[in-house]
Amino acid sequence: MDDTIAAISTPLGEGGIGIIRLSGKEAVSIANRMFVTPTGKTAARLASHSITYGYIKDGQDILDEVLLSVMLAPNSFTKEDVVEINCHGGLIPLRRVLDAAIKNGARLASPGEFTLRAFLNGRIDLTQAEAVCDIIQARTQESAAVALQQLSGGLSQRLSAISQELIGICAHVEAYIDFPEEDIELSTHDDILNQLQTLQDTLKTLSGTYDRGRFLREGLSIAIAGKPNVGKSSLLNSLMERDRAIVTPTPGTTRDTIEEYINVKGIPVRIIDTAGIRTADDLAESVGVNRSIMAIEAANIVLIVFDGTQHSLTHEDTSVINRTTNKTVIAIINKADQKVLLSDKDVKDALLHPLKERVYAGTVTLSAKTGQGIEDLKQAIFDCTMKVGFEPKEGILITNLRHKTAIDNTVSALTQAINCLKDSAPLEITALELTTALNYLGEITGTVTANDILNKIFEDFCIGK
Ligand SMILES: Nc1nc2c(ncn2[C@@H]2O[C@H](COP(=O)(O)OP(=O)(O)OP(=O)(O)O)[C@@H](O)[C@H]2O)c(=O)[nH]1
Ligand SMILES: [Mg+2]
């Protein structure tokens, strides 16, 4: 925390501008050694929260023409002195300016280190730090909106209100322990029980929002499976509204899995086109088929595509179905622009056979070629996610497994406390359980945090954030 860190904060690649960020006690003096305006002003003489035109130099060499902004502590992202240098957005200028900053005394920041400092300096709590990462990674407006709400402290405030209530109850219990002569009255005892139960219900409801929250944050993964030539790649293209995957009339066209993101009514969906499953002709195809099988296993939902122009399911179709044990499956009868001969009922029966080992989420008849029925498929995907708890609801959502786990642990500790009270166990034990519950809640916002938890959270960040 004592040194000054530096990193390229914009994505690597070509862009109009790229930003190098410095944070720490030496940020301004390091910038001072590198920066000069055309009139000879240096960084140290710039006002806080101003942006100034000038040059970054290394000795006599001009490295880039830049805009430099200074944000003095504590009014900055990290609460430390921060300097941001807007360079030209190419790899070479950014690299050279970063090298110059390091030569002048900065240390290369590790992933998430700027946000870690913002947390350690008390500007944001852990849920807000995590939200920074989520906003960067958000793939739909809805996911960004949930992350933004978390960043602005929505979840923190909710948890803080719950903590305050719990602290209140704790104080009551402690009071009875300290003054045992004032016997705990029955009504007060019941009051505490009621309050604890209400709190527990609130926390359970919050924990229950995780399924929806997780989909918004992480997206849903959907594999397109089927025997060769049924139109899997055509379906991917149709969902993406562009020719992403190669489509040919030759069975066995797709060899490798292809992953893309699409937005289905606000849910980010990672969609994976796979190689048609059959006994492969050559090594490359057989590796591809293995990848298809792995993609099916990893997916939340599998779309099994059937060729609607065939009379009945073939042995190859059945072998694909058999790969989807314990999966949620949507059946697709494709090529509906031609005469559909395959019956809905046959498909449904095959999927429900033999022991309902999979969740059958319906059949959609469509044409990947003309796009007819694609909206029905999107609706089916959306409905499918609703079944696992994805209902559009107002309010705070839990999007992060770490938060859900801590909330569930809090609920367990409260259950223990409630049982102790009901059994008239010694109040000390109840108090202990309540403290445990409070500690679990504190883990979420970071008021109680072990170092290893911090490391785990910030390692998911990109460098420069
Ligand atoms: N008429 C019609 N033809 C289609 C439709 N969808 C795909 N096809 C045709 O079916 C053939 C195979 O399409 P692909 O999308 O490559 O099929 P695939 O399932 O990805 O095949 P593999 O990658 O070999 O497993 C191509 O000739 C497509 O033009 C459709 O909806 N209607
Ligand atoms: Mg294909």
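Select Ile-304 first: apart from neighbours within four places in sequence, Ile-304 is in contact (C-beta atoms, placed from the backbone, within 7 Å) with Ala-225, Gly-226, Val-320, Ile-321, Thr-324, Val-329, Ala-331 and Ile-332. This is a predicted model, in which local features need pLDDT of at least 70 and side-chain atom pairs count only at pLDDT 80 or more, while totals for chains, interfaces and linings use all residues. Residues are numbered from 1 along each chain as its sequence is written, and chains are lettered from A and ligands numbered from 1 in the order in which they are written.

Strand β8 (residues 220-225) and strand β11 (residues 301-307) run parallel and are joined by four bridges; strands here are DSSP runs of E with at least two residues, and helices are runs of H or I with at least four, numbered from the N terminus.

Now show the whole sheet, which is open and mixed in pairing, with six strands in the order β9-β10-β8-β11-β12-β13; two strands pair if DSSP finds at least two bridges between them. At its edges lie β9 (258-264) and β13 (359-365), each pairing on one side only.

Finally, turn to ligand 1, where Gly-231, Ser-233, Ser-234, Thr-254 and Gly-276 come nearest among the 24 residues around it, a residue being near if its C-beta atom, placed from the backbone, lies within 6 Å of the molecule.

How values were computed
Contact = placed C-beta atoms within 7 Å.
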